[in-house]
Amino acid sequence: MTIKENISLLPYNTFGLPAKAKIFTEYSSVEELRALLEKYKGEPLLHIGAGSNLLFTKDFDGVILHSAMRRARCVSEDADYVWIEAENGLVLDELIAQLCDMGISGLENLSYIPGEVGASAVQNVGAYGVEAKDVIESVRAVSIADGAERIFSNAECQYGYRDSIFKNSLRGKYIITHVVYRLNKHFEPKLNYGNLSSEVGSNPTPMSVREAVIRIRQQKLPEVSELGSAGSFFKNPVISHEAYETLTRQIRDDRVPHYEQEGGVKIPAAWLIEQCGWKGKSIGGAQCYPKQPLVLVNTGSATADDIVALAAAICKDVQDKFGITISPEVNYI
Ligand code: EPU
């Protein structure tokens with residue numbers, strides 16, 4: 001177990017913001033996690049993963065928890081599936097690389113998403129037509145109040161688009177320690193999203209899909225090691241069919257990009273932001289990324305205030321121009 005005081009969070013947030021934490025702790029087992037929860041009872045707690053979806057707006061006057069549990073093991077298999085249990089601190093992309101190497105499929109479309117297993121199950125990360133929830137069988141979690149362990153089935157996690165029970169009614173109540181994925185022994189490629197199919201080419205394998213996804217992501221999204229960001233800053237809004245009709249009439253264009261969804265029509269926030277003229281524009285050191293306006297980047301000197309101001313200005317313009325509310329998927333701390 002590691003405990004440090006007054007530590008810089010610069011290495012722990014992909015936006016590259018220089019916030020500080022009063023206490024930073026790292027645990028290597030569930031027992032150590034329980035001991036930390038007991039020791040710091042009553043203190044403000046924040047469990048972080050790779051910090052790839054966080055915006056530290058100020059110093060954190062409490063205890064940061066981080067997992068150093070990074071193993072994965074096979075817990076069951078049958079003729080068609082293999083069940084892999086991964087610990088929360090394992091980097092998701094390292095797990096995916098290993099699985100693709102073994103020809104095990106299900107997670108390959110999520111390649112190259114920055115982040116760790118635990119946070120990816122809270123956030124229900126998604127990309128190229130697959131969401132984490134599609135392969136999560138269950139999660140194991142520890143109660144912050146009393147350290148008790150509880151297993152949540154996929155249904156009990158109440159997954160939605162970038163959403164789960166751990167972001168809603170159980171926010172701040174549990175820490176996910178393990179995720180069990182049900183993965184395929186027989187490859188069924190999911191290549192319907194955008195240009196993925198043509199990028200993959202013929203005779204796809206889990207590894208060739210992974211490599212294609214990485215190529216596409218590298219073309220569109222900034223490398224967090226080079227340019228601070230938290231991936232998509234906003235969620236794509238879902239609007240009603242009536243609102244969509246109004247939108248196409250308003251801009252006299254029926255080529256508004258849209259995807260039919262349960263409950264309405266999803267409009268790419270990237271498109272709405274581009275229409276408002278924000279693509280490539282900056283406030284201070286925060287920039288709306290020119291290749292993908294859904295992403296806000298730290299060009300080097302951004303303060304949290306710059307990023308907050310840029311996000312607010314973008315939301316306001318989208319609201320004023322289209323009457324559509326876009327909301328951040330990034331967590332403001
Ligand atoms: N678009 C524009 N202008 C642009 C870029 C995109 O108008 O400059 C429009 C186009 O119509 C395009 C559409 O946006 O067809 C969708 O773009 P893209 O396929 O790049 O996906 P996205 O909706 O912008 C979502 C996820 C990404 C994920 C991709 C691929 C969210 C919030 N974001 O982005 O996730 O990688 O799909 O599946 O749902 C993340 O969560 O951090 C993330 C990067």
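Look at the lining of the second largest pocket: its residues split into four nonpolar, four polar and six charged. (Here Ala, Val, Leu, Ile, Met, Phe, Trp, Tyr, Cys and Pro count as nonpolar, Asp, Glu, Lys and Arg as charged, and the others, Gly among them, as polar.) Before going on, note that this is a predicted model, where local features need pLDDT of at least 70 and side-chain atom pairs pLDDT 80 or more, while totals for chains, interfaces and linings use all residues. Residues are numbered from 1 along each chain as its sequence is written, and side-chain values use heavy atoms, with hydrogens and water left out.

So how do you find empty space? Rolling a probe the size of a water molecule over the atoms shows where it is left. A pocket is an open set of points, on a 1 Å grid over the protein atoms alone, where a 1.4 Å probe fits and protein lies on both sides within 12 Å along at least five of seven lines; lining residues have an atom within 4 Å of a point. The second largest pocket has a volume of about 250 Å³, volume being the space filled by probe spheres set on the points. It has 14 lining residues, and the closest to its centre are Asp134, Val135, Arg182, Asn184 and Lys190. The elements giving two or more residues to this lining are β10 (136-143) and β12 (174-184). Strands (E, at least two residues) and helices (H or I, at least four) are DSSP runs, numbered from the N terminus.

Now hop over to glutamate 77, which sits in strand β6 (residues 72-77). Setting aside neighbours within four places in sequence, glutamate 77 is in contact (heavy atoms within 4.5 Å) with Val82, Trp83 and Lys185. With lysine 185 there's a side-chain polar contact of 2.6 Å, meaning a pair of N or O atoms within 3.5 Å, one able to donate a hydrogen and the other to accept it.

A ligand nitrogen is 2.7 Å from an N or O atom in the side chain of glutamate 274, and a ligand oxygen lies 2.8 Å from a polar side-chain atom of glutamine 292. Alone, the ligand exposes 820 Å², and the protein buries 82% of that (Shrake-Rupley method, 1.4 Å probe).
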